[in-house]
Amino acid sequence: MFAELLQYLFAGLTSGAIYALAGLGFAIIYNSSHVINFAQGEFIMIGGMSTAMMVAAGVPLPVASLLAVLVTMLVGVALEKFAIEPARNADVTTIIIITIGASIFLRGLAQIVWDKEFHSLPAFSGETPLNVGGATLMPQSIWVVGVAVVVIVALWWFFNRTLFGKAMLATSFNRLAAQLMGIGVKKVLMVSFALSALLGAVGGIVVTPITFTNYEAGIMLGLKGFSAAVLGGLGNGMGAIVGGLAVGIAEALASGYLSSAYKDAVAFVIILFVLFFLPNGLFGKKGTDRV
Amino acid sequence: MRSLAKWGVAACAVVAAGVFAGAAQAADTIKIGTFLSVTGPASFLGEPEKKTLEMYVERLNKDGGVKGRKVELVHYDDGGAPDKAATFAKRLIQNDNVDIIIGGTTTGTSMAAIKVVEPAGVPFISLAGGIDIVDPVKKWVFKTPHTDRMAAEKVFLDMKKRGLTKIAMISEDAGFGKSGHDQSLKVAGIYGIQIVADEVYSPKDPDVTAQLTKIKNAAGVQAVFNFGFGQGPAIVTKNYKQLGMSLPFYQSHGVASKDFIKLAGEASEGIRLPAAGLVVADQLAATDPQKPVVTAFKKEYEAAFKSDVSTFAGHAYDGLQIALAAILRAGSTDKEKVRSEIEKTSGYVGTGGLVSMSPEDHMGLSLSAFRMVEVRKGDWVLVD
């Protein structure tokens, strides 16, 4: 009985950590620009795909990962430079629509540059499941959780302890005031895209051994990551993690104790329910309207 | 100004000449229309299909065509969207005046095109698996691949032989997996199979251990059957091993490609599934009538495209061969004549199996077209 519950929790932990990592990327860009970047899932896909392709070509995993992160960051910066920046005076909604267009473009590009097949990476620490209390967990799941934790700590440090991080936060609060204080707001936006591309790439690399990847992998990860970010409170890193885990565990428990046919519905009902009572998500700050 | 008008007249004349020349040429060429899902979620099926059609049409023309008539392939990419497929089918019939249509990568796009093709009266050979395409029989519609019902029957037959009667199913809750699941439920009784646990997952779920744990703890399960394609079955297979489950594990023909073994890795060891002869071309007995066909196709495909042959490419090859043979027998491209010749296809040995159609059967494959294969040491081994 207990082993069963534990197994469901582990299943939820695995998917939840994946959703959380995806959700974190949304949080960063939202923080600095109030834009929801719907190409975030594509950053994850590019990270996973380019690593898988390089590893298949014989590049050692650590080198391939590093290069893949760089490639993805380059894509992130290019996206900001050529698609977002020219429209910087436009409405937030317009910019969000641009990111949707960018995501479709990046998926198409991935089909041409790479291929349409599924690709995988070897698990970082082998494929022997860990046995805990009669339930099993793959070492790769721990990698995903671990990376999510490291990322959230690093982000906290960056936003609270470094000058540039604080400048980014300041820009998100009041763009004009930040500019008047001498903060290069253009640079802030670019760095936030590079940063969330980095996050996406890292996420894509650690989840690929579990979920595999292909040019479309970003759609699902982006959607679930977005749900996680909204549930946790947009723009809040901790919220994205808690939100992701909550969605993952709710799905696993629902398929374990109710019916697997309703697991997606259960997750969405929970999200709706939470947002009904806490419109800003679990950890979201209450929005203050300017008068 | 005057010179401009002169040029205009000249241009018109040139265009008109071109149009008439085109019309004259069209009467000579055999026009094969095709709409495939070369992009979109089913692109890994549609792309090999398109490449195969192009390669064999080009080769045919190099060898002089059909009785001296060149063959022209008119292709549209429907991106996997049924509404687009219907539009392209209409365009193929009304604008391109094709003689026959081969295409429809997925059951969805094929069914959408049928609504256009049937009233227009153009022979149509679908490359999709769903049984709905030919059941009930539609006058102008044929198909080359096996159906999901046959796959389920083949699996249940094998289970029965091994004395496994109580099984658990875990299926994708959309498209291919859902249809396969429903067909499995329909035929299970015939083979004395009882489905004691029935779980589903979404095509892109990253983890299905929760569903498998439920199956593991269900009483009396003797075997597990997974119906799905894409990365889902590979994740199910990995999770199956993670949980240390050791019951006989069956997959559907949806994963009969080397990519599945590559993705699932060691966890795929011992899995059984029904597959077309093409998958185990080298292992077929020398006396097997399919042997020469599938080995030749495999060799040609892999030499031309430097990638593993896929059964989907085989479906396109079979469709083209059946169509060309029918046109040859009919001696013309008269649509009714060609249609009735396709229906009379008998004893055609294709990559999918032995095809013998009839007015009641517009697919013409029997259960023997499927071979039972098992994964051993990362490769398919023929077991039946």
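The questions below ask how descriptions of this predicted two-chain model follow from their definitions.

The model is predicted, and local features need pLDDT of at least 70, side-chain atom pairs count only at pLDDT 80 or more, while totals for chains, interfaces and linings use all residues. Residues are numbered from 1 along each chain as its sequence is written, and chains are lettered from A and ligands numbered from 1 in the order in which they are written.

Q: What makes chain A as compact as a globular protein of that length?
A: The radius of gyration is taken over C-alpha atoms, and the globule rule is 2.2 Å times the number of residues to the power 0.38. For 291 residues the rule gives 19 Å, and the radius of gyration of chain A is 19 Å, so chain A is as compact as a globular protein of that length. Its C-alpha atoms fill a box of roughly 60 × 50 × 35 Å, taken along the principal axes.

Q: How do you know that the radius of gyration of chain B agrees with that of a compact globule?
A: A compact globule of 384 residues would have a radius of gyration near 21 Å, and chain B has 23 Å, which agrees. The box filled by the C-alpha atoms of chain B is roughly 90 × 50 × 40 Å along the principal axes.

Q: How do you know which residues form the contact between chain A and chain B?
A: Two residues are in contact if their C-beta atoms, placed from the backbone, lie within 7 Å. The contact takes 27 residues from chain A and 27 residues from chain B. On the side of chain A that touches chain B, helix 1 (2-33), helix 8 (185-211) and helix 10 (237-258) of chain A each supply at least two residues, and the largest share, eight residues, comes from helix 1 of chain A.

Q: Why are strand 2 and strand 5 of chain B said to stand at the edges?
A: Two strands pair if DSSP finds at least two bridges between them. The open sheet of five strands in chain B has the order 2-1-3-4-5, with parallel pairing. Strand 2 (71-77) and strand 5 (141-143) of chain B each have a single partner strand, so one side of each is left without a neighbour in the sheet. Within this order, strand 1 (residues 30-36) and strand 3 (residues 100-103) of chain B pair over two bridges, and Gly33(B) has Ile101(B) as its bridge partner in strand 3 of chain B.

Q: What makes a right-handed β-α-β unit with strand 6 and strand 7 of chain B?
A: A crossover is right-handed if, with the strands pointing away from the viewer, the path from the first strand over the helix to the second runs clockwise. Strand 6 (residues 166-172) and strand 7 (residues 194-201) of chain B pair in the parallel sense over seven bridges, and together with helix 6 (residues 175-188) of chain B they make the right-handed unit.

Q: What makes the peptide bond between Asp135(B) and Pro136(B) cis?
A: Omega is about 5° for this cis peptide bond, and Pro136(B) is found in the loop between strand 4 (124-126) and strand 5 of chain B. Most peptide bonds are trans.

Definitions and conventions
Helix = DSSP H or I, 4+ residues; strand = E, 2+ residues; numbered from the N terminus.
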